[in-house]
Amino acid sequence: MKRFLKGTLCGFLNGFFGSGGGVLAVPVLEKEGCEPNEAHASSVALIFVLSLVTAVFYGFSGNLDFAVAWKYIPYGIAGALCGSFFLKKINSVLLKRLFGAVIIAAAVRILFV
């Protein structure tokens, strides 16, 4: 039942905010026993599937602009490749701190910008 609730919440956050499921998925996966680096990598796989489902629903509802999205996809792929390369090399303590800093920066930006 806990996995059902946590998974549903990850999907909801991803669908509602267009992202965000990974913010919950990483700590959930760590509690499941994943090492921090493994939790980050595994959350990407989870969010990939959730994002595909969300994109399909957004597409059918007319809320998806592929013309805009395609302008960013090649750069996003390049960033994903760099990120996955560095994830293998980073200390798990530093990774947690960076993740926390990014979450805090995003929250501050949302609240004040």
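**Contacts, surface and helices of the predicted model**

The side chains of R3 and E32 are joined by a polar contact of 2.6 Å, a polar contact being a pair of N or O atoms within 3.5 Å, of which, within protein, one must be able to donate a hydrogen and the other to accept it, while residues adjacent in sequence count only if both atoms are side-chain atoms. The structure is a predicted model, in which local features need pLDDT of at least 70 and side-chain atom pairs count only at pLDDT 80 or more, whereas totals for chains, interfaces and linings use all residues. Residues are numbered from 1 along each chain as its sequence is written, and side-chain values use heavy atoms, with hydrogens and water left out.

R3 and E32 stand 29 residues apart in sequence, and their C-alpha atoms are 9.8 Å apart in space. R3 belongs to helix 1 (residues 2-17), helices being DSSP runs of H or I with at least four residues, numbered from the N terminus.

Helix 4 (residues 66-87) has 22 residues and reaches 29 Å from its first C-alpha to its last, close to the 32 Å expected at 1.5 Å a residue, where the expected span is 1.5 Å times one less than the number of residues. At its N-terminal end, helix 4 is capped by D65, a side-chain oxygen of which lies 3.1 Å from the backbone nitrogen of A67.

Definitions and conventions: Helix = DSSP H or I, 4+ residues; strand = E, 2+ residues; numbered from the N terminus.
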